[in-house]
Amino acid sequence: MGADLEHVLLTPDQIAERLDAMAAQIDEDYAGRELLLVGVLKGAVMVMADLSRRLHTPVTMDWMAVSSYGSGTKSSGVVRILKDLDTDLLGRDVLVVEDIVDSGLTLSWLVANLRSRKPASVEVAALLRKPESAKVDVDLAYVGFDIPSEFVVGYGLDYAERYRTLPFVGTLAKHVYTS
Ligand code: PRP
Ligand code: MN
Ligand code: MG
């Protein structure tokens, strides 16, 4: 597993099983409609790839890249758009796809921003949620797992841009981010 990782929190099988269930629920909820999946770069790429391929609902895919104004103001919830959608949201059913909801600040800003573009609906699917870290309440229609407030990496999640390609979600050893 490598000295930088502490333990495996979610195995590839556990992730796959939850994605199966989430996709089935999404198909049921959006029956007869077409969905626009909006992935939040970069963390959401793995969830987007694996969730979207499980859906029978017709979907299109688009991406946004957002960034907080500096690390110190992440808690302010002020977000800057680095890459906007190519798609007009007017009248569309939108499902935001995220890897993790931590404080919830990124997502609460993003959902408000997307709602202002007059879509028919906006919902959120997130693989992971850290309930103990929530600073704002964000309504998540689909959640994979509630996890403790530990530093997790893998399956899209990074530490300093590394570890995103791990097939599992694991906790990072403290020495990696404290040294
Ligand atoms: C991470 C994660 C979520 C966000 C959650 O993204 O992928 O998008 O933080 O944090 P919050 O709930 O406290 O707002 P990050 O900003 O690290 O960018 P990345 O997806 O490119 O890693
Ligand atoms: Mn992200
Ligand atoms: Mg990150």
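Two residues are taken to be in contact if their C-beta atoms, placed from the backbone, lie within 7 Å. In the predicted model considered here, the buried residues of α1 pack, in this sense, against β1, α2, β6 and β7 (142-146). The buried positions of α1 include I15, M22, A23 and I26, and because these cover an arc of only 105 degrees around the axis, they fall on the same side of α1. An α-helix has 3.6 residues a turn, so residues three or four places apart point the same way. On the other side of α1, by contrast, D13, A21 and E28 are exposed. The length of α1 was also examined: at 1.5 Å a residue, its 18 residues should span 26 Å, and the end C-alpha atoms are 26 Å apart, which agrees with the expectation.

The loop between β1 (5-10) and α1 contains T11, which counts as partly exposed because 13 C-beta neighbours lie inside 10 Å, a number between the limit of 12 or fewer for exposed residues and that of 20 or more for buried ones. Between the C-alpha atoms of T11 and D146, which stand 135 residues apart along the chain, the separation is 15 Å.

In α3, burial extends to L105, T106, L107, S108, W109, L110 and L114, with packing of the buried residues against β2, β3, β4 (79-83), β5 and β6.

The largest nonpolar core comprises 41 residues, among which V96, V97 and A125 have the most contacts inside it. At least two residues of this core are supplied by each of α1 (12-29), β2 (35-41), α2 (45-52), β5 (93-101), α3 (105-115), β6 (121-129) and β8 (152-153).

Ligand 1 is surrounded by 15 residues, of which K42, G43, D102, S103 and T106 are the closest. The elements giving two or more residues to this shell are β2, β5 and α3, and β5 gives the most, with 4 residues. By residue class, the shell around ligand 1 divides into 6 nonpolar, 4 polar and 5 charged residues. One of the closest residues, T106, is also buried in α3. Another, K42, lies in the loop between β2 and α2, and the peptide bond leading from L41 to K42 is cis, with omega near -5 degrees.

Two further backbone features concern residues in loops. K118, found in the loop between α3 and β6, has a phi near 60 degrees, a positive value in a residue other than glycine; K118 counts as exposed because 11 C-beta neighbours lie inside 10 Å. E161, located in the loop between β8 and β9 (169-172), likewise has a positive phi, of about 75 degrees, although E161 is not a glycine. With 7 other C-beta atoms within 10 Å, E161 is therefore exposed.

Terms used. Residues numbered from 1 in each chain as written. Chains lettered and ligands numbered in written order. Predicted model: local features only at pLDDT ≥ 70, side-chain atom pairs only at ≥ 80, totals over all residues. Core = buried A, V, L, I, M, F, W, Y, C linked by C-beta atoms within 7 Å. Near = placed C-beta within 6 Å. Nonpolar A, V, L, I, M, F, W, Y, C, P; charged D, E, K, R; others polar. Expected span 1.5 Å × (residues − 1). Arc of directions from axis to C-beta.
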